[in-house]
Amino acid sequence: MILKPRSLLSGFSFVLMLICLLVCALLVLIQFSEQIAQIPGAYIVIAILAVIAMLILGFFPIMLILFLIVEGIKNVRHEGFRIPNLLSLGFGLFLIAYFFISPMILVHSETISLLYLIVSIAVGYFLMILSIYCLSAMLNTIHPFSKNNIDEIVVLGSGILKDKMTPLLKARVDEGIRLLNKQKDAKLILSGGQGPGEDIPESQAMAQYAIVQGVDPKLIVMEQESKNTHENLMYSRKLFRPESRRIAIVTTRYHVFRALILARRMNLNCKGYGSKTKWYFSVNAMLREFIGYLSLTWKTHLTVLAIFLAPLLLTALILFTF
């Protein structure tokens, strides 16, 4: 988290740390088993904890699938029946088909079994990457030791309705204002141009809202050219003061990590702060963000996956040939 937080290494190293702690705890239990045995009820507590852990691990796939489907249905009910809103529901149904239905209907043959194994490795790989991505995203919104010495606070736009702020955008500006109130000399950069169906630039609507909330207009800087996250960062960077070194990017929680990855690619040193939104919307949006991340890094992941699958693909080629 100190050396390279804005990458999957943050989530991967956290998982590795948890595994090491678990192994360490088991070794301690074995090493001091005689002393622990003398503590009344110690083994009962350990056994209960072990059973709970196994139940959680065992039922986690089912709980995840149910969670995706329930939140997906909520998202469709609240946001409408559109393809972008079907990601979490569709993903949950895909996991049901893959884990429970496809093994029962597949024809048992060497070729089909080999193809299913190849697909299973690919699915397992991307599920692992998704898990690490979500964990990395969460870790990059936590700043327990961060000092209140930010120079520039960049709030990313997310679209308005004609000239009205959406609840999602209001939450972002509120988070930016919360950060600004803790700083001494920070500027609030509100980033967002004018898109289709918008009567004014997003940053203008954001500024009007911030002023109503009590922000001094002298502390507000508007960036009005950007159309997407990359341009938000690129054009906002031009508005930084020469002496500014500590930058904060404010967006919705599910969007923070991808924004930080884009910022890292632009050699922009910053930290991410996320505003809250509803669960059903966040789950669907996080999957959308993950697809966006894959679009940035697909060459790397396909190369890694190809290395893992090379022996199986060669075997499949031989089977199909002969």
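**Salt bridges and cores: a quick tour**

Hi everyone. The count of salt bridges here comes to 5, and please keep in mind that this is a predicted model. Let me walk you through some of those pairs, then turn to the cores.

Glu 71 is buried at 8% relative accessible area, while Lys 74 is partly exposed at 34%.

Helix H6, residues 167–180, holds another pair 3 residues apart, Glu 175 and Arg 178. Their closest N and O atoms are 2.6 Å apart. Glu 175 is buried, with 13% relative accessible area, and Arg 178 counts as partly exposed at 36%.

The N to O distance is 3.0 Å. Glu 152 is buried, at 1% relative accessible area, and Arg 241 is partly exposed at 24%.

On to the cores. The largest nonpolar core has 33 residues, and Leu 8, Tyr 133, Phe 290 and Tyr 293 have the most contacts inside it. Helices H3, H4, H5, H9 and H10 each give two or more residues to this core, with H10 giving the most, 13 residues. Do look at Tyr 293: its contacts include Leu 8, Ile 129, Tyr 133 and Ile 261. Apart from this core lies another, of 24 residues, including Leu 190 and Tyr 209.

Thanks, everyone!

Technical notes:
Residues are numbered from 1 along each chain as its sequence is written. This is a predicted model: local features need pLDDT of at least 70, side-chain atom pairs count only at pLDDT 80 or more; totals for chains, interfaces and linings use all residues. Side-chain values use heavy atoms; hydrogens and water are left out. A nonpolar core is a set of buried Ala, Val, Leu, Ile, Met, Phe, Trp, Tyr and Cys residues joined through side-chain atoms within 4.5 Å. Buried means under 20% relative accessible area, exposed over 50%, partly exposed in between (1.4 Å probe, protein chains only). Helices (H or I, at least four residues) and strands (E, at least two) are DSSP runs, numbered from the N terminus. Contact means heavy atoms within 4.5 Å. A salt bridge is a side-chain nitrogen of Lys or Arg within 4 Å of a carboxyl oxygen of Asp or Glu. Lists of a residue's contacts leave out its neighbours within four places in sequence.
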